[in-house]
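I opened this one to jot down what I could look up residue by residue. My notes follow, in the order I made them.

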Amino acid sequence: MANIALTPLTADDREQFILDNQRAFQYGAMEEFGERDSRFEEGEEIISRRTIANCIDKGAAYRIREDGRIVGGLVVHIDEETQHNHLDLLFVTPAAHSKGVGTAAWKEVERLYPETEVWETCTPYFETRNIHFYVNKCGFHIVEFFNSHHPDPHDPETGEEERYEDGDGMFRFEKRMRSSGNGRGEANG
């Protein structure tokens with residue numbers, strides 16, 4: 001398993017974090033579709049600078065390091081009151097794919113936030129690599145599919161309903177860590 005550490009994102013590294021995130025998402029889409037597709041945000045980017053910056057501003061951002069070397073990043077949003085927490089972004093540089101980096105980083109997130117009752121995240125329907133990662137490696141379950149017939153009621157950018165065109169969609173995943181009520185629940189993953 002990879003020797004992974006999460007370090008808080010610094011202001012000096014913010015711009016590079018955004019660029020690295022965009023490159024990683026673009027790599028995944030190019031692997032899946034080949035050339036550019038009209039579904040992508042901001043003309044050339046699969047995930048917009050604004051979306052990434054908004055996640056960083058509202059959450060806790062970390063760099064993923066393997067033996068001190070930057071190999072990715074992630075952003076989590078922690079709700080201290082409900083402990084229903086959200087993984088907003090997680091990316092691994094393409095050169096570090098399939099080496100256990102993402103799985104080790106996710107285990108570190110779970111270790112850092114042991115009070116979490118439920119983790120939630122989303123990924124585009126076409127990101128089969130992500131779907132495999134979340135379900136088969138991290139223990140998440142697909143709980144909802146947002147699409148043109150079932151819109152997401154809470155767009156992360158606007159808080160309004162997000163609509164999808166035919167052929168577009170996002171999977172929503174959950175991982176229940178503890179049962180609510182007695183505070184001593186066991187992990188379900």
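**Entry 1: Asn-85.** I began with Asn-85, which sits in strand S4 (residues 84–92). I kept in mind that this is a predicted model. Is Asn-85 buried or exposed? I got a relative accessibility of 0%, so Asn-85 counts as buried, the cut-off being under 20%.

Next I looked for side-chain partners. Asn-85 has a polar contact of 2.8 Å with the side chain of Thr-116. Another polar contact, of 3.2 Å, joins the side chains of Asn-85 and Gln-83. Leaving out residues up to four places away in sequence, I noted that Asn-85 touches His-77, Ile-78, Asp-79, Thr-116, Val-118, Trp-119 and Glu-120.

**Entry 2: helix H3.** H3 covers residues 101–112, twelve residues in all, and at 1.5 Å a residue it should span 16 Å. I found its end C-alpha atoms 16 Å apart, which agrees.

How many of the twelve residues of H3 are buried? I noted nine, so I wrote H3 down as mostly covered, with under 20% as the cut-off for buried. Among them are Val-101, Gly-102, Thr-103, Ala-104, Ala-105 and Trp-106. Further along H3, Glu-108, Val-109 and Glu-110 are buried too.

**Entry 3: salt bridges.** I then searched the whole structure for salt bridges and got twelve. As a reminder to myself, side chains of opposite charge can pair when their charged atoms come close.

I picked out Arg-172, which forms a salt bridge with Glu-144, the closest N and O atoms being 2.8 Å apart. That pair links distant parts of the chain: Arg-172 is in strand S7 (residues 169–176) and Glu-144 in strand S6 (residues 141–147), 28 residues apart. Arg-172 counts as buried, at 14% relative accessibility. Glu-144, at 21%, counts as partly exposed.

Arg-172 also meets Glu-174 in a salt bridge, at 2.9 Å from N to O. Glu-174 is buried as well, with a relative accessible area of 12%.

Which residue did I follow Glu-174 to next? It was Arg-176, whose side chain meets that of Glu-174 in a salt bridge of 3.3 Å, N to O. Arg-176 is partly exposed, with a relative accessible area of 42%. Through shared partners, salt bridges join Glu-120, Glu-144, Arg-172, Glu-174 and Arg-176 into one network.

Notes:
Residues numbered from 1 in each chain as written. Predicted model: local features only at pLDDT ≥ 70, side-chain atom pairs only at ≥ 80, totals over all residues. Heavy atoms only, no water. Helix = DSSP H or I, 4+ residues; strand = E, 2+ residues; numbered from the N terminus. Expected span 1.5 Å × (residues − 1). Buried < 20%, exposed > 50% of the residue type's maximum accessible area, 1.4 Å probe, protein only. Salt bridge = Lys/Arg side-chain N within 4 Å of Asp/Glu carboxyl O. Polar contact = N/O pair within 3.5 Å; in protein donor to acceptor, adjacent residues only side chain to side chain. Contact = heavy atoms within 4.5 Å.
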